[in-house]
Amino acid sequence: MTAVPPWDAFTAAEAEVRAMVADPRWQRLPLPDRAHVLAARILVTPDGDRWLFGAHARWHLLDPADGRWHLAPPARRVRARQVGHATTTLPDAVVPQGYDFHAEPASTQAFVGPDVPETLTEQLRVLLRASGRKSELDYPLTAFGEIFASDVPSTVAAVWGTIMWCAYAPAFDGNERLITVFGEYLRRPLPGDEWVRWLPAPPLLDLVTLVAERLRAGRSRAALRLAAVMADAAQILLLDTRFRPRALALLTMVEPMLRTARPEDFRGEFTSGLHSAYQDAAGNGSLTGPHSRSQDSRPDFQGEDAALREAWLERVPARLCRALLVENDLEAHFSHTVYDLVDALSFMPDPPAAAATFLADLSDSRRMLPGRLDHRLRMAYEELARAGRVGTSAADSTEPDGFPVRTGGLTGGLTGGPEPVLEVTPPDRASAAAVLGAAYAMGLAWGRLTGARVPERGLASQSALVRKIVHQRDDHHTGHI
């Protein structure tokens with residue numbers, strides 16, 4: 001007889017809400033009515049925590065201290081009962097719109113451990129070789145100058161930038177072929193070491209700048225070629241779920257440009273219509289579309305590059321909105337990466353406590369972090385704070401600016417900060433990659449939100465985890481760079 005899994009209140013509530021949102025009538029319901037039916041399906045656990053499955057098809061936890069709802073994955077196999085809740089206390093932000101339940105399936109795994117598919121790597125290698133044959137005079141390097149030598153054509157930078165922007169967490173095995181094929185074009189060694197390359201995630205504006213500069217120079221055909229290279233790279237990246245959501249978003253941004261009958265047509269649109277639309281919207285204090293947000297939280301972009309960036313973002317369908325939070329809403333993006341981290345640590349007895357050890361690595365001299373955490377994470381974080389284990393990163397504690405200090409790790413190379421207070425031991429390679437990816441994405445999101453520097457060799461807890469899984473590498477090295 002087949003074993004029947006035990007009934008789980010969270011799974012049942014999630015299925016019920018998904019069915020409601022999938023019903024065509026959901027879109028026609030006024031927002032107060034949607035909030036009413038959601039409020040009747042809130043769960044309460046024995047410890048008094050209240051849980052709601054809501055916007056972005058994710059769980060939200062009520063903070064008893066201030067009544068805010070935080071993104072937070074629940075602990076499974078915990079008893080819960082359904083209770084009523086005051087509809088008026090449900091903010092609009094936690095009520096599903098409908099399109100946010102149709103996000104593209106994605107993975108939080110880093111590229112440490114599970115390899116990039118060989119087919120994907122080979123196709124990108126061919127695209128890179130063709131791009132490298134272009135002249136730097138026709139395609140000058142106007143972005144990614146910190147990565148590539150000055151004589152490298154911007155077509156090469158377009159391939160690199162597409163890979164890095166589309167990656168959920170651009171932390172790669174040091175021997176990952178997808179990265180090593182760029183070796184001849186690099187200006188200097190990549191951040192990290194032979195074991196892990198902790199690579200920066202570029203803003204969309206860097207990709208836009210490559211195209212916009214050629215348009216300003218009157219080289220419309222070159223601009224279209226750069227957009228085509230980005231589209232080709234994004235199309236290839238769809239093969240891996242670690243790239244897929246943002247690759248789809250980038251394709252929808254650049255494909256309308258490629259369908260232009262003549263390159264000159266887009267030049268006129270760029271220099272007049274788009275710029276005027278952007279200025280008009282900025283004057284009104286907001287920009288329209290499903291990815292817009294308040295002027296207060298919008299980065300201060302100026303000029304024609306910003307106009308083209310806004311035009312690209314407005315082309316992306318609403319169902320891919322979460323993939324664009326990294327561009328449109330840095331606060332929300334950070335909250336989602338924290339959610340991903342706690343979820344990736346679900347194999348631990350206390351996932352919030354485990355996640356707090358990674359959060360403790362973030363540089364937070366202004367004490368901005370605790371107020372952004374749900375009360376479970378906040379209590380675990382503050383416990384580490386009382387033990388003097390928060391507010392420093394691996395770089396802060398071991399590497400004064402300009403003077404790298406080796407403080408242990410593997411013989412000859414891998415550095416890191418002090419061992420974390422709680423040992424995280426993933427059960428398998430895939431789980432380790434998911435934790436590393438979510439932790440690195442969280443660190444990058446924090447850096448974007450606050451300006452904090454991300455250490456070149458990873459945060460302390462990330463480096464400690466890498467030391468545990470290096471034996472799973474496909475190759476065997478005798479020394480380190």
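Buried means under 20% relative accessible area, exposed over 50%, and partly exposed in between, with a 1.4 Å probe and protein chains only. The model is predicted, so local features need pLDDT of at least 70 and side-chain atom pairs count only at pLDDT 80 or more, while totals for chains, interfaces and linings use all residues. Residues are numbered from 1 along each chain as its sequence is written, and side-chain values use heavy atoms, leaving out hydrogens and water.

Select H333, in helix α13 (residues 330-344); helices are DSSP runs of H or I with at least four residues, strands runs of E with at least two, numbered from the N terminus. H333 counts as buried because its relative accessibility is 9%. Leaving aside residues up to four places away in sequence, H333 touches R246, L325, V326 and A445, where contact means heavy atoms within 4.5 Å.

Next, select residues 9-22, helix α1. Its buried residues are A9, F10, A13, E14, V17, M20 and V21. Seen down the axis of α1, they fall within an arc of 125°, so they line one face of the helix; the arc is that of the directions from the helix axis to the C-beta atoms. Their cover includes α2 (25-28), α3 (31-39), β1 (42-44), β2 (50-54) and β3 (58-62).

Finally, select α7 (residues 204-216) with α9 (residues 244-258). On the α7 side, L204, L207, V211 and L215 meet L250, M253 and M257 of α9. By class, this contact has seven nonpolar, no polar and no charged residues, nonpolar being Ala, Val, Leu, Ile, Met, Phe, Trp, Tyr, Cys and Pro, charged Asp, Glu, Lys and Arg, and polar the others, Gly among them.

Note on methods. Axes fitted to C-alpha atoms, helices over the stretch in contact; angles between N-to-C directions. Expected span 1.5 Å × (residues − 1).
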